[in-house]
Amino acid sequence: MHQDITPLCAADIQDQLKKRFAYLSGGRGQDGSPVITFPDYPAFSDVPDKEFQNVMTYLTSIPSLQDAGIGFILVIDRRQDKWTSVKASVLRIAASFPANLQLVLVLRPTGFLQRTLSDLAFKFNRDDFKMKVPVIMLSSVPELHGYIDKSQLTEDLGGTLDYCHTRWLCHRTAIEGFALMVKQTAQMLQSFGTELAETELPNDVQSTSSVLCAHTEKKVKAKEDMRLALDEGQSILESIREPLAKSPEQSLNQDQLDNQTTVQRLLAQLNETEAAFDEFWAKHQQKLEQCLQLRHFEQDFREVKASLDALAQKIATFTDVGNSLAHAEHLLKDLTSFEEKSSAAVERARALSLEGEQLIDNKHYAVDSIRPKCHELQHLCDQFTAEVGQRRGLLNKSLELHSLLEASMKWCDEGIYLLASQPVDKCQSQDGAEAALQEIEKFLETGAENKIQELNKIYQDYEPILTQDLLEHVQKVFQKQESMEEMFHRRQASLKKLAAKQTRPVQPVAPRPEALTKSPCPSPGVWRGSENSSSEGSALRRGPYRRAKSEMSEGRQGRSSSTGEEEESLAILRRHVMNELLDTERVYVEELLCVLEGYAAEMDNPLMTHLLTAGLQNKKDVLFGNMEEIYHFHNRIFLRELENYIDCPELVGRCFLERMEEFQIYEKYCQNKPRSESLWRQCSDCPFFQECQKKLDHKLSLDSYLLKPVQRITKYQLLLKEMLKYSKNCEGAEDLQEALSSILGILKAVNDSMHLIAITGYDGNLSDLGKLLMQGSFSVWTDHKKGHTKVKDLARFKPMQRHLFLHEKAVLFCKKREENGEGYEKAPSYSYKQSLNMTAVGITENVKGDAKKFEIWYNAREEVYIIQAPTPEIKAAWVNEIRKVLTSQLQACREASQHRALEQSQSLPLPASSNTSPSKGNTRNIKKLEERKTDPLSLEGYVSSTTLPKPPEKGKASPTSPDKKAKRHEVKSDPTPFGLRGWSKTSHPLEAPEDNDGWSSAEEPINSSDAEEEGGVGPRKLAPGKYTIVVDDEKGGPNTLAVRSGDMVEVVQEGDEGLWYVRNLTSSKEGWVPASSLSMLLSKSSSAQCLSSSESSTGSALLSNSSSCSESCGGPLSDLQG
């Protein structure tokens, strides 16, 4: 019976096959029919129909279609069974066999009874076994051999066929599993190939790389699966051939041969599939790799193009051709450096272009995209190279032109020096003139190599680089050259006349004084003043040359020419200094910019952050200070203003004076320098600095450039000195001198501030003390009246070393402490010890026994500090500076007092005296005040009018004592800040009117350094100011002011008839007081503030007081001992 049954696999019915109630041994009939054997299986009847049907279906599906088409031979072995069982088995097989049958051979039971029964039963039941094929009952195995050869039968049927059911089952399972594996592998490869074919190529490198990696991983896995399948097939094949391997004489049965053929066919199919996949993968991989190459090329192209565009923009900025030889050399060096740095980008672009051409040669699929990019890269490289070459050509031309101009200027300068160095007196002889002529002619011969020959040719040859500034420079150099050549021609003409003179001797005649005074061009410095004009000796001292030529027109022309040449030489020197100033200024600005861009800006660059150490983080302001502020001042302001003075260098002092306040920024930079130096020493080996220095191509490290501002501010004073040296008689000499003084003042202020910031321990704000005027180290003794006796005695013998800082409002005493370290770290520090308020300070200029000592005393000598300077000059400088401070303070106080007195003069009450005219006195006082204001620049006149009353008109007596004439004496020193004639230390008479007496230390001890001694002869010389009353005077008349001891009064002004207008500050009353009474009331009191004193017995001290100073006296201060 034939039924449509789904094909089964051994693995599906493995348990059913293992029962072995039927098997396919591999034997064949004579016509090649497959033999299926039903061995003796007692439980055959118990096998379920489904299992029986599955086994039959599977066994009939194993032979080839050709063999199965012939029909199967069934061998049913029932030798050990009963007839009833045989009958049932045959009927069941006949009913369920799914394939064609050719013959059924049944080995009937061997027992006698069962054999007999089988014969009878077969005869009577033949119709029950009617089948399409004959059923033959066999009684023995030999009969079976008549139908099937022994070689095709298994051993249990008397045959020789080697059959192992377990091995057969294993082979069938393996073969079918292998076939399934081959099928799955083919399906997997087909699916993978479809996926690869449908994959879109990415547009960036990362995605393309990811896709390539993912596909490669899948390909590797697929190849691994194929390798495993091939190994499995080979293993099965070897297992099938195992009998042959054990016994070469043995042969395989037909089923084994079929199995071998099946495995070989599967292996061949697998190999073909693998080959096809490999070919497909090779193409796909090549496309992916080419895509990745293309994406890399496109990415590199974008980067390289951006670099080339940046280089093109950068080279476009190289438009400057230089304004000097040094500048042109610097620009050429910058261009060379730029070209070297850009060479990497250009080389990369060219290499990328070659890489693109190589891709094209390798038949890349995107040729249309690659070729235009290669051409563009080549074009950009060629364009950049051509642009650099053009810029280099222009700079070389600029360098050549500036070299020519420099050579011409140098030649001109050498010529000027030559003319200036030729001694005029030696040229008066014929030999001297000829030698000078030869010297000039020899020098002019060198002009062929150095001077500008044709101006038009210069214009033509250097037209591409001739900017307006450079054109003007060329014209100026050519004019200078022509002027110098003209000077040489004039000198040649003069020398030729001298050389061609007749050789007869000429008797020199001394000129008369009248002739000398009428000389049109007297030599400066030889003769000054009319008091010498009549002296013949003075005329003779002028030298033989001037004396001999004073009567000759040639000589006058020679002197005029010599003076003009000398002035021209000085002008050349001034231009030299100006050029040096400008050239160094430009270099300085460029160096600052280089540091700011190459170092400071890079500290904020995220790409450089990884190179910064922790100690440099957020320390840019510490390291560079206010360098950026300095750069902007010089680049935007000072350099441009300096260039305005290139044609008038002698006036450059004005430029410095106009910008002197801006130069204060250097003080801030120098104050930060110690911190900057300390940070540099800590981090100098940082890779950041090394990388920046490498990029900038600097030979020197950063610390050398951080020192540039300090070096520059000191360079200015040297250049100003040189300029002043060659500009003595020029218009701007005074400005140059003032600029030099100001620059030196800034240097001093910078130096002082460096010491000032080292002060420690001062609680207040140093800026509140006013400007720092001076600072220096001194030996100090103390002599305090109220101090302890032992301390007082010790202080006289043991000096203390103190560093003094003189401010406008105070003087500080500090102890100097040297610190260990190097450089700025070795700078000393100063421990604050004491301060004295300048409103309560006085000085004694001279101390007996030592010209280097002076005294600073405090609160009317309650505290005395004896100061010993290192040299008398330092002492004099300090004394003068302290005098200036005290003078300015007292002058300010008196101006305020006089201003108040002037405001109140119109409303003062009149004294009760019939013959007194207050209005007249007021008028005179107002006139005095107006006269004092007429010359505000004359300190002597202003101060004298304040300190000493103005003398009355001629014929009038002094309101004090007319007998003081005899007591007037010479003043040897002036300890007060208001001495006459500018603080002269030399002895000179006190030039005052006869009714105006000077007060010596003996006559006026109150303001002397010896104020504690008794003293005073005669009434006091009064002056407006504040005083303390020491004697009661309550008897005041109806028109006079009553005062008591201890009252603070203000003497406002002097009236007529010996009266003074006084305001009692304690009782707030005002009134007139006779001068004699007022003198007695104040005779034993001291001024509220004494500014200075002198211990010299011959010195004089003028009474001086201040309405403002008296209220600000400081109390006793702590001891100086540190």
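Reader: Which residue has its charged end over the ring of Phe301?

Author: This is a predicted model: local features need pLDDT of at least 70, side-chain atom pairs count only at pLDDT 80 or more, and totals for chains, interfaces and linings use all residues. Residues are numbered from 1 along each chain as its sequence is written, and side-chain values use heavy atoms, leaving out hydrogens and water. A charge sits over a ring if NZ of Lys or CZ of Arg is within 6 Å of the ring centre and within 35 degrees of the ring normal. Over Phe301, at 5.8 Å from the ring centre, sits the charged end of Lys373.

Reader: How far is Arg92 from the ring centre of Phe44?

Author: Arg92 lies over the face of Phe44. Its distance from the ring centre is 5.6 Å.

Reader: Are the rings of Tyr599 and Phe689 stacked, edge-to-face or tilted?

Author: Rings of Phe, Tyr and Trp (its six-membered ring) pair if their centres lie within 6.5 Å; planes under 30 degrees apart are stacked, over 60 edge-to-face, and the rest tilted. By this rule there are 31 aromatic pairs. Here the centres are 6.5 Å apart and the planes are at 40°, so the pair is tilted.

Reader: Which helices hold Tyr599 and Phe689?

Author: Helices (H or I, at least four residues) and strands (E, at least two) are DSSP runs, numbered from the N terminus. The pair links distant parts of the chain, 90 residues apart. Tyr599 is in H20 (residues 553-600), and Phe689 is in H25 (residues 687-696).

Reader: Is Tyr599 buried or exposed?

Author: Buried means under 20% relative accessible area, exposed over 50%, partly exposed in between (1.4 Å probe, protein chains only). Tyr599 has 0% relative accessibility, so Tyr599 counts as buried.

Reader: What is Glu274 in contact with, beyond its neighbours within four places in sequence?

Author: Glu274 is found in helix H10 (residues 254-316). At 17% relative accessibility, Glu274 counts as buried. Contact means heavy atoms within 4.5 Å. With those neighbours left aside, the contacts of Glu274 are Lys223, Met226 and Leu230.

Reader: At what angle do the axes of H24 and H27 cross?

Author: Axes are lines fitted to C-alpha atoms, for helices over the stretch in contact, and angles run from 0 to 180 degrees between N-to-C directions. Those of H24 (residues 665-683) and H27 (residues 708-725) come within 10 Å. They cross at roughly 135°.

Reader: Which residues of H27 meet H24?

Author: From H24 come Tyr666, Tyr669, Cys670 and Lys673. In H27 they meet Pro709, Val710, Arg712 and Ile713.
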